[in-house]
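Biologist: I have a chain open here and would like to go through it piece by piece. Can you take my questions as they come?

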Amino acid sequence: MPEQVAEWLEVQRWRSLLPSRDGLLVESFPRGNKHYLVAYCFEGRNAHQTLGMLLTRRMERAGSNPLGFVATDYVLGVWSTRSAENADLAALFSEDMLGDDLEAWMAESSMLKRTFRNVAVIAGLIQRRHPGEEKAGDRSPSTRT
């Protein structure tokens, strides 16, 4: 670990309880009129981005009203209007998240659909349409030559 991270973990050891190597340190605290949940996953930014989408989805179902999240290489932070302390943290981070919730999120995500569409256009699998253009196959038989 970088020196600053190692130093910070030492402070955590003094102020908090560090989990075992296969555990997860999750802290929650209020600040201003928001509630924060911070998970120290150390899995990298890309993994934390995906986890953030899934976690906020679960927090929403639990009634925590998540407003947003931030992901870094070391940590995932979520802020909400209601405390996540009332939610079952073990259920929020259960392993089945990567199955059911990931598949459901991908099916519903307009961002992923748009990205997939862009890839399909670049790959030549579908044609790019511009406003006002007719779709291929939309022409009536009388207009074909």
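Predicted model: local features only at pLDDT ≥ 70, side-chain atom pairs only at ≥ 80, totals over all residues.

Biologist: Fine. Which residue in the hairpin of β1 and β2 takes a positive phi?

Modeller: Gly-32, with phi near 65°. The hairpin has 2 residues between the strands.

Biologist: How many bridges pair β1 and β2, and in which sense?

Modeller: There are 7 bridges, in the antiparallel sense. Within that pairing, Ser-28 stands opposite Leu-37 in β2.

Biologist: Step back a bit. How many helices and strands does the chain have?

Modeller: It has 5 helices and 4 strands. Along the sequence they follow the pattern α-β-β-α-β-β-α-α-α.

Biologist: And what is the order of the strands in the sheet?

Modeller: The order is β1-β2-β4-β3, in an open sheet of 4 strands with antiparallel pairing. β1 (25-31) and β3 are the edge strands, each pairing on one side only. From one strand to the next, the twist averages 15°.

Biologist: What joins β2 to β4?

Modeller: 5 bridges, and the two strands run antiparallel. As one example, Val-38 stands opposite Gly-77 in β4.

Biologist: How many bridges are there between β3 and β4?

Modeller: Also antiparallel, β3 and β4 (residues 76-80) are joined by 5 bridges. Gly-68 has Trp-79 in β4 as its bridge partner.

Biologist: Which strands does α2 touch when it packs on the sheet?

Modeller: α2 touches β2 (34-40), β3 and β4. The direction of α2 makes about 165° with that of β3.

Biologist: What are the dimensions of α2 itself?

Modeller: Helix α2 covers residues 45-62, which is 18 residues. From first C-alpha to last it reaches 25 Å, close to the 26 Å expected at 1.5 Å a residue.

Biologist: Which residues of α2 are buried?

Modeller: His-48, Leu-51, Gly-52, Leu-54, Leu-55, Thr-56, Arg-57, Arg-58 and Met-59.

Biologist: And what happens just after α2?

Modeller: Gly-63 takes a positive phi there, of about 90°. Ser-64 sits in the loop between α2 and β3 (66-71).

Biologist: Is Ser-64 buried or exposed?

Modeller: Ser-64 counts as buried because its relative accessibility is 2%, and the cut-off for buried is under 20%. Leaving aside neighbours within four places in sequence, Ser-64 contacts Met-59, Ser-80, Thr-81, Arg-82, Ser-83 and Ala-84.

Biologist: Now the core. Which residues make up the largest nonpolar one?

Modeller: There are 12 in all: Leu-37, Ala-39, Cys-41, Leu-51, Leu-55, Met-59, Ala-71, Leu-76, Val-78, Ala-84, Leu-92 and Phe-93. At least two residues of this core come from each of β2, α2 and β4. The largest share, 3 residues, is supplied by α2.

Biologist: Why would such residues group like that?

Modeller: In soluble globular proteins, nonpolar side chains tend to be buried together.

Biologist: Changing topic: how many aromatic pairs does a search of the whole structure find?

Modeller: The search finds 2. Phe-29 and Tyr-36 form a stacked pair, 5.5 Å centre to centre with 15° between the planes.

Biologist: How accessible are Phe-29 and Tyr-36?

Modeller: Phe-29 is partly exposed at 35% relative accessibility. Tyr-36 is also partly exposed, with a relative accessible area of 24%.

Biologist: Last one. Where is Pro-30 found, and is Pro-30 buried or exposed?

Modeller: Pro-30 is in strand β1. Pro-30 counts as exposed because its relative accessibility is 58%, and the cut-off for exposed is over 50%. Pro-30 and Trp-79 are 49 residues apart in sequence and 9.2 Å apart in space, C-alpha to C-alpha.

Technical notes. Residues numbered from 1 in each chain as written. Heavy atoms only, no water. Expected span 1.5 Å × (residues − 1). Buried < 20%, exposed > 50% of the residue type's maximum accessible area, 1.4 Å probe, protein only. Contact = heavy atoms within 4.5 Å. Pairing = 2+ DSSP bridges. Axes fitted to C-alpha atoms, helices over the stretch in contact; angles between N-to-C directions. Phe/Tyr/Trp six-rings, centres within 6.5 Å; stacked < 30°, edge-to-face > 60°. Core = buried A, V, L, I, M, F, W, Y, C linked by side-chain atoms within 4.5 Å.
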